[in-house]
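Please look over the notes below with the model open beside them.

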Amino acid sequence: MQIGVVGLGRMGANISRRLMKAGHSTVVWDASAGAVEAVGKDGATTASSLQDVVGKLTGSPKAVWVMLPHGKITEDTIDALGSLMTAGDIVIDGGNTYYKDDIRRGKALAAKGIRYLDVGTSGGVWGLARGYCLMIGGDAEAVKHLDPIFAALAPGIGTIERTPGREARDPRAEQGYIHAGPVGAGHFVKMIHNGIEYGMMQAMAEGFDILRNKDSKQLPEDERFDLNIGDIAEVWRRGSVVTSWLLDLTADALAKDERLDKFSGEVEDSGEGRWTVEAAIEEAVPADVLAASLFTRFRSRQQHTFAEKILSAMRFGFGGHVEPAKK
């Protein structure tokens with residue numbers, strides 16, 4: 001199957017590469033000529049503009065996957081595709097877009113007969129090798145048409161133990177992708193996923209901070225322990241209840257530098273945590289942990305603790321997120 005990919009950053013380029021490894025063909029474009037050239041060397045058909053992407057797609061319906069940061073750049077790109085594509089074609093937004101923007105865009109494109117899918121995409125910089133967990137919103141027929149694309153991007157069942165009792169359920173979920181619902185549902189599910197991620201990361205970061213400070217001079221001498229937190233992270237990976245990819249990333253960072261000196265602890269938030277808290281407020285759902293983890297990121301930009309260094313290390317590990325430059 002052929003698909004256009006617009007936006008060749010940390011994830012977009014690897015989405016194209018993973019699809020090509022599975023036998024699909026991609027037509028790629030990015031504002032950076034170097035990014036386009038790099039993916040072109042791996043076998044993609046390169047384009048010089050959005051119009052060129054659409055023009056080089058053959059067959060019907062045409063499909064274009066947009067993988068750009070949320071905001072104006074995504075708005076402008078999808079608006080432009082709405083003028084270049086025709087009835088029946090499919091526009092996919094795989095970035096971290098606010099789900100209410102998806103609903104608005106979907107209605108605007110539907111007026112032209114163009115189908116819109118919002119795809120929450122999790123996998124970060126590791127997606128090429130591990131696959132991407134996909135949460136898809138939009139028209140069921142469009143999702144069905146693109147199933148070969150989603151199946152190729154998803155991680156597959158792998159070595160994860162199957163959940164008993166799922167035999168009669170949608171098999172796509174255990175392959176790593178789902179059709180979550182109508183337009184907006186995919187990014188809503190991904191938004192909550194990222195909100196939960198904030199809370200999980202914060203709990204782990206605070207725990208390691210407590211471990212690190214167990215040798216504090218403020219404690220009675222016989223209660224001070226000089227703990228090897230790198231070893232603790234490693235042993236927890238081996239059969240403990242808190243085993244997770246986030247713990248894997250933490251153990252990897254601590255093995256390289258137990259003090260995490262290359263991280264300042266200034267932790268950015270990319271939007272999804274704020275949107276999750278807003279959704280909780282709208283639904284009158286208490287979300288104490290998620291809200292607190294978001295506010296901690298705000299505070300980290302004023303004063304830093306070792307816990308924030310752990311957060312930064314995890315964010316760099318799964319997403320390649322680099323801390324802001326020192327002011």
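The points that follow cover conventions, a helix pair, salt bridges, a surface patch and backbone details.

1. Conventions. The model is predicted, so local features need pLDDT of at least 70 and side-chain atom pairs count only at pLDDT 80 or more, while totals for chains, interfaces and linings use all residues. Residues are numbered from 1 along each chain as its sequence is written, and side-chain values use heavy atoms, with hydrogens and water left out. Helices (H or I, at least four residues) and strands (E, at least two) are DSSP runs numbered from the N terminus.

2. Helix pair H13 and H14. Two packed helices are described by the angle between their axes and the distance between the axes. The axes of helix H13 (residues 272-283) and helix H14 (residues 288-300) come within 10 Å and cross at roughly 140°. Axes here are lines fitted to C-alpha atoms, for helices over the stretch in contact, with angles from 0 to 180 degrees between N-to-C directions. The crossing of H13 and H14 is left-handed (the near helix is turned anticlockwise from the far one by less than a right angle; clockwise would be right-handed). On the H13 side, Gly273, Arg274, Thr276 and Val277 meet Leu290, Ala291, Leu294 and Phe298 of H14, contact being heavy atoms within 4.5 Å.

3. Salt bridges. A salt bridge is a side-chain nitrogen of Lys or Arg within 4 Å of a carboxyl oxygen of Asp or Glu; by this rule the count is 21. Arg172 pairs with Asp170 at 2.7 Å, N to O. Arg172 has a relative accessible area of 23% and is partly exposed, and Asp170 is partly exposed at 32%. The classes are buried (under 20% relative accessible area), exposed (over 50%) and partly exposed (in between), with a 1.4 Å probe and protein chains only.

4. Lys256 and Asp252 form a salt bridge at 3.1 Å, N to O. Both residues lie in helix H12, 4 residues apart, about one turn of the helix. Lys256 is exposed at 66%, whereas Asp252 is partly exposed at 40%.

5. Glu268 is partly exposed at 30%, and Arg301 is partly exposed at 27%. Elsewhere, salt bridges with shared partners join Glu75, Asp93, Asp101, Arg104 and Arg105 into one network.

6. Nonpolar patch. Val235, Trp236, Val241 and Val242 make a nonpolar surface patch of about 410 Å². Patches are made of residues with over 30% relative accessible area and no salt bridge, like charges being joined within 9 Å and nonpolar side chains (Val, Leu, Ile, Met, Phe, Trp, Tyr) within 5 Å. Val242 sits in the loop between helix H11 (229-236) and helix H12 (245-256); with 43% relative accessibility, Val242 is partly exposed.

7. Backbone details. Ser60 and Pro61 are joined by a cis peptide bond, with omega about 0°; Pro61 belongs to the loop between helix H3 (50-56) and strand S4 (63-66). Leu260, not a glycine, has a positive phi of about 55°; Leu260 lies in the loop between H12 and H13 and is buried at 2%. Ala284 has a positive phi near 55°; Ala284 is in the loop between H13 and H14 and is exposed at 67%.

Technical notes. Accessible areas come from the Shrake-Rupley method with a 1.4 Å probe; for residues, only the protein chains shown count as cover.
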